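Hello,

Here is the structure you asked about. Please open it first, then read the notes below.

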Amino acid sequence: MIMVKIAPSILSANFAKLAEEIKDVEKGGADYIHIDIMDGHFVPNITMGPLIVEAIRPITKLPLDVHLMIENPDQFIDAFAKAGADYISVHVEACPHLHRTIQHIRQLGIKPGVVINPATPVESIKEIINDVDLVLLMTVNPGFGGQTFIESVLTKIEKVKQIVDERNLDVEIEVDGGVNPTTAKLCKQAGANVLVAGSNIYQSSDRKKAIELLKSEE
Ligand code: DX5
Ligand code: ZN
């Protein structure tokens, strides 16, 4: 089985002590910090903007994995790049000119990722997958932490893994939503190598243990 990376989503952290919450998961073995950007239009919730990314940048050495759940992401890519994002991922469903958007991210020296919602088929990324560093498969409908994992996405993970292997691509396969030790195992078996987890890690009093359980090969 693949050795997975863990990307704690700070959406479930205590925002009143965000710096501590980030340092805690960094010490606990996290590989990336996942930052969920929501605009109240693409998804029914509002969260953070570039100012938060900028504030987080100096407090951790971990790569910042910025997940844009916003309409018209092109308008904000420069700001997130300037704020210190390492990865910027955009939704297929929000990008009418996806190739241009991905190129834009790449030209800024940032690693581009492409995201698909649970009901969006893998076919929709076949033409762009060679140009990205990361494919993010939503395993819940985006908008909130703490939702239930949608099992039908597992076959989509397998399909993406098959494309990545067939084309011999260096692309990470990330899943986001409802990840806990049980669903983490299923995602790993299907071929995912980066697991985003919000509530499972941040609702645990021992974040190191929670991260270890998600990485566990058992
Ligand atoms: C959902 C976000 C997720 C969320 C995951 O829209 O993209 O990153 O924080 O939360 P959990 O792990 O609690 O499902
Ligand atoms: Zn996310």
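**What was found**

Asp176 sits in strand S7, residues 172-176. Strands (E, at least two residues) and helices (H or I, at least four) are DSSP runs, numbered from the N terminus. This is a predicted model: local features need pLDDT of at least 70, side-chain atom pairs count only at pLDDT 80 or more, and totals for chains, interfaces and linings use all residues. Residues are numbered from 1 along each chain as its sequence is written, while chains are lettered from A and ligands numbered from 1 in the order in which they are written.

Is Asp176 buried or exposed? Asp176 is buried, because 26 other C-beta atoms lie within 10 Å. The cut-offs: buried means 20 or more other C-beta atoms within 10 Å of the residue's own, exposed 12 or fewer, partly exposed in between, with C-beta atoms placed from the backbone. Leaving aside neighbours within four places in sequence, Asp176 contacts His67, Leu136, Met138, Thr139 and Val196. Contact means C-beta atoms, placed from the backbone, within 7 Å.

Next, Gly178. This residue is in the loop between S7 and helix H6 (181-190). Gly178 is buried too, with 25 other C-beta atoms within 10 Å. Not counting residues up to four places away in sequence, Gly178 touches Thr139, Val140, Gln147, Thr148, Phe149 and Thr183.

Now the ligand. Around ligand 1 there are 22 residues, each with its C-beta atom, placed from the backbone, within 6 Å. Ser9, Pro142, Gly145, Gly198 and Ser199 come nearest. Strand S2 (33-38), strand S8 (194-197) and helix H7 (199-202) each give two or more residues to this shell.

Best wishes

How values were computed. Two residues are in contact if their C-beta atoms, placed from the backbone, lie within 7 Å.
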